[in-house]
Amino acid sequence: MNAVFIVLLGPLLLAAAAAGAATAAGGDDQAGRHGFAILGELKYPADFRHFDYVNPDAPKGGTVRLNYHGSYDSLNPFILKGVAAAGNNPFGAGGSVLGFQPLMVAAGDEPDSFYGLIAERVAFADDRRAVTFTIRDTAKWHDGTPITADDVAFSFDTLKSAGRPIYRVLYQDVLEARVVGPRRVRFVFRDGANTRDLPGHIAGMPVLSKAYYTANTFNQTTLEPPLASGVYRVARVDAGRSITYERVRGHWAENLPVYRGRFNFDTIRFDYYKDREIELEAFFAGKIDFREEFTSKSWATKYDVPPVRDGRIKRAVL
């Protein structure tokens with residue numbers, strides 16, 4: 001069976017925070033709710049089954065091969081040292097972290113709305129100077145140990161004090177992360193803080209293992225896969241040349257509404273190219289399954305080739 005490849009031409013989509021007052025789906029009730037919206041009301045109710053833009057019955061399996069430009073020398077995406085690998089770098093092109101997960105997931109068809117992942121519920125204080133997350137009791141690290149409120153508080157403290165400077169900027173108005181129960185952690189905001197955006201910053205915070213980083217140095221580069229909790233884990237590292245991720249079978253979150261129908265490839269491989277012309281030729285040769293083209297001249301002049309003419313490569317404008 002012939003492979004089908006896709007090229008998209010289009011600009012990077014930049015997320016911008018919308019103006020307006022934050023509206024929490026959780027209000028002030030102590031138990032909290034399944035999510036919250038920065039603007040207006042949540043689209044999806046507490047009993048939603050999946051996001052509207054996914055196929056919940058999508059088949060799982062296969063491998064997708066992607067390209068990345070340059071090189072890498074680290075699997076630690078949270079510090080300035082080193083160059084983090086593709087698929088594990090929230091600050092690189094694509095902006096994804098396959099291994100680490102946040103407290104909550106932003107919906108792709110709403111502006112700034114968040115639904116539970118590691119945190120199953122969220123509750124706001126009456127004065128909106130604090131937000132409390134309840135950790136899902138089924139949330140697990142890849143080694144099978146539970147993700148705890150202590151892990152969440154540790155993640156906040158570590159990222160703010162020793163992570164990339166962007167974390168200090170995002171969390172500068174968060175005074176502390178306080179464990180208030182076996183599965184509950186409360187983030188307290190500074191007086192006068194912008195309480196519209198802060199809950200979203202916290203909801204999107206990657207959660208780190210306190211036990212792992214107690215035994216291993218946080219602020220150093222490494223090519224050893226750190227303990228994580230995502231739907232994918234690092235399967236193979238060929239430093240500077242490629243990195244391969246494998247889907248975690250029976251992952252604790254695979255049937256949650258925010259994940260159902262997503263993350264369907266068994267294997268995701270990123271191959272690195274230092275020359276864009278060679279990268280393009282590799283695509284034409286069938287060594288890459290998907291490519292975005294950002295150069296209008298190349299889009300106009302370089303795609304009159306046999307795999308495009310005979311339909312093995314499908315072009316689409318984003």
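These legends accompany close-up views of a predicted model.

**Figure 1. Overview of the predicted chain.** The chain has 318 residues, and 48% of them are buried. Seven helices and 14 strands make up its secondary structure. Take the contacts between residues at least 6 apart in sequence: 65% of these join residues at least 24 apart.

**Figure 2. Helix α1, residues 149–162.** This helix has 14 residues. From first C-alpha to last, α1 reaches 20 Å, close to the 20 Å expected at 1.5 Å a residue. At the start of the helix sits a contact from Thr148: one of its side-chain oxygens comes to within 3.3 Å of the backbone nitrogen of Asp150.

**Figure 3. The buried residues of α1 and their cover.** Ala149 is buried, and so are Asp151, Val152, Ala153, Phe154, Ser155 and Phe156. Further along the helix, Thr158 and Leu159 are buried too. An α-helix has 3.6 residues a turn, so residues three or four places apart point the same way. The cover over these buried residues includes strands β7 (130–135), β8 (174–181) and β9 (184–189). Helices α2 (165–170) and α4 (210–215) are also among the covering elements.

**Figure 4. Asn67 in strand β3.** Strand β3 spans residues 63–69 and holds Asn67. The relative accessible area of Asn67 is 18%; because this is under 20%, the residue counts as buried. Its side chain makes a polar contact with the side chain of Glu279, at 2.8 Å. Leaving aside neighbours within four places in sequence, Asn67 is in contact with Asp271, Tyr273, Glu279, Ile288, Phe290 and Arg291.

Figure 5. Ala139 is buried, with a relative accessible area of 1%. Ile118 is 21 residues away from Ala139 in sequence, yet their C-alpha atoms are 5.9 Å apart in space. Not counting residues up to four places away in sequence, Ala139 touches Ile118, Thr145, Pro146, Ile147 and Trp252.

**Figure 6. Two loop residues with positive phi.** Asp112 has phi near 55 degrees, a positive value in a residue other than glycine. Asp112 lies in the loop between β4 (104–106) and β5 (113–116). With a relative accessible area of 25%, Asp112 is partly exposed. Arg128 is not a glycine either, and its phi is positive at about 60 degrees. Arg128 is found in the loop between β6 (119–124) and β7.

Figure 7. Rolling a probe the size of a water molecule over the atoms shows where empty space is left. The structure holds one cavity of 30 Å³ or more. About 40 Å³ of space lies in the largest cavity. Its lining residues are Lys60, Val231, Arg247, Glu254, Tyr259, Arg262 and Phe263. By class, three of the lining residues are nonpolar and four are charged, with no polar residue in the set.

Technical notes. Residues are numbered from 1 along each chain as its sequence is written. This is a predicted model: local features need pLDDT of at least 70, side-chain atom pairs count only at pLDDT 80 or more; totals for chains, interfaces and linings use all residues. Side-chain values use heavy atoms; hydrogens and water are left out. Helices (H or I, at least four residues) and strands (E, at least two) are DSSP runs, numbered from the N terminus. The expected span of a helix is 1.5 Å times one less than its number of residues. Buried means under 20% relative accessible area, exposed over 50%, partly exposed in between (1.4 Å probe, protein chains only). Contact means heavy atoms within 4.5 Å. A polar contact is a pair of N or O atoms within 3.5 Å; within protein, one must be able to donate a hydrogen and the other to accept it, and residues adjacent in sequence count only if both atoms are side-chain atoms. On a 1 Å grid over the protein atoms alone, a cavity is a set of points where a 1.4 Å probe fits but cannot get out, and a pocket is an open set with protein on both sides within 12 Å along at least five of seven lines; lining residues have an atom within 4 Å of a point. Grid points are joined across faces, edges and corners, and a volume is the space filled by probe spheres set on the points. Ala, Val, Leu, Ile, Met, Phe, Trp, Tyr, Cys and Pro count as nonpolar, Asp, Glu, Lys and Arg as charged, and the others, Gly among them, as polar.
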